[in-house]
Amino acid sequence: MPDLFTPYKLKGLELKNRIVMPPMCQYSVEKKDGIATDWHYIHYVSRAIGGTGLIIIEMTDVEPDGRISDYDLGLWNDEQMPALKRIVDACHSYGAKVGIQIGHAGRKAEHAAVPVAPSSIAFDEKYKQPRELTTEEVKEMVQKFRQAVARAVEIGVDTVEIHGAHGYLIHQFHSPLTNQRKDEYGKDLTKFGREVIQAAKQEMPQDMPLIFRISAQEFVENGYGIEESIEMSKQYQEAGVDLFHVSAGGEGAISPLRRPGNHAGYQLPLAEAIKKALDVPMIAVGKLDDPILANAVIGNETVELVAVGRGMLRNAYWALEAAQQLNKTIEIPKQYERGF
């Protein structure tokens, strides 16, 4: 039976263990230029030293107004590449593989003068009214995703994750609540996401897997549920997704009738349902910080990989500590061996 420290291989991606650091925005760009700083370098490289198998760099945006805030990373120009490449190279030197999440905040771009979205529907009363993208602008947006993915491949990442969750742009397109367009991108809600996936795959090596982050359940009133997300995921899989990273929510005010649980592993059934329907590998996320629980998720073959978010924010060496707790023998940096 596999466990948390069993190696994993998907296409050309070979991981030393099943532990994933999911993308978590740091809001730490200093000059509002989208360029990674020393904070980002230390933040990611320390998790590589700490034994993480796959590190996914936070949402990195395809245009300046696609950022949640002006303090987020970008890959819309070549000047942003060297700082990210430095991070990727250093993480590789400590045995971690690196992915990067490519995305666009859409109507949730807080610092954009006028955010853009599938339809002119504000996130809530505290957010700015977005402008509806024209059909031609949607097609141009696909190319912006393509260009960002091409830059990501050039800096040496091992995988790319497309952000289609948490109420950001691709999620806004595939949700009936936020996409009320009358054109081809309104008649076919997954068309934009599929085109982004297809464009990304064209820029990636054939043996590099593409990850897609999806909110498998909306928590707003009249939001879509797992059956709808399974159908969307099938279409995204056909477009080229190799691995799904399954989350939920992020689209608006939570309905009292659809409120999620807050217990450990509360999102696991969503990942399990999509995996069963599509026979596709999964990254599970959501309060899986307890090594015993994370190990059981892998041992029970519920999913292939486990993402540890808040636990890894608290402890850069979560993987090393988990190995100690689970009595697993793993390679420890020689400088730290006395501690173990």
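Me: Which side chain meets E203 in a salt bridge?
Reply: R146 does, with 3.2 Å from N to O. A salt bridge here is a side-chain nitrogen of Lys or Arg within 4 Å of a carboxyl oxygen of Asp or Glu. This is a predicted model, so local features need pLDDT of at least 70 and side-chain atom pairs count only at pLDDT 80 or more, while totals for chains, interfaces and linings use all residues. Residues are numbered from 1 along each chain as its sequence is written, and side-chain values use heavy atoms, with hydrogens and water left out.

Me: Where do E203 and R146 sit in the chain?
Reply: E203 is in helix α6 (residues 191-203) and R146 is in helix α3, 57 residues apart, so the pair links distant parts of the chain. Helices (H or I, at least four residues) and strands (E, at least two) are DSSP runs, numbered from the N terminus.

Me: Is E203 buried, exposed or partly exposed?
Reply: E203 is partly exposed, at a relative accessible area of 29%. Buried means under 20% relative accessible area, exposed means over 50%, and partly exposed lies in between (1.4 Å probe, protein chains only).

Me: What do α3 and α6 do apart from that bridge?
Reply: Their axes come within 8 Å and cross at roughly 35 degrees. The axes are lines fitted to C-alpha atoms, for helices over the stretch in contact, with angles from 0 to 180 degrees between N-to-C directions.

Me: Which residues of α3 and α6 meet?
Reply: On the α3 side they include V138, M141, F145 and R146, and on the α6 side F192, V196, A199 and E203 are among them. Contact means heavy atoms within 4.5 Å. By class, the contact of α3 with α6 has eleven nonpolar, one polar and three charged residues. Nonpolar covers Ala, Val, Leu, Ile, Met, Phe, Trp, Tyr, Cys and Pro, charged covers Asp, Glu, Lys and Arg, and the others, Gly among them, are polar.

Me: Back to salt bridges. How many are there?
Reply: The count is 18 salt bridges. One of them joins E184 to K139, with the closest N and O atoms 3.3 Å apart. E184 is in helix α5 (residues 184-187) and K139 in helix α3 (residues 135-154), which puts them 45 residues apart. E184 is partly exposed at 33% relative accessibility, and K139 is partly exposed at 32%.

Me: Which residues are in a network with K139?
Reply: E184, K191 and E195 are linked with K139 in a network of salt bridges.

Me: Is I19 buried or exposed?
Reply: I19 is buried, with a relative accessible area of 0%. I19 is in strand β3 (residues 19-21). Leaving aside neighbours within four places in sequence, the contacts of I19 include L4, F5, L54, V306 and W318. The C-alpha atoms of I19 and G51, 32 residues apart along the chain, are separated by 8.6 Å.
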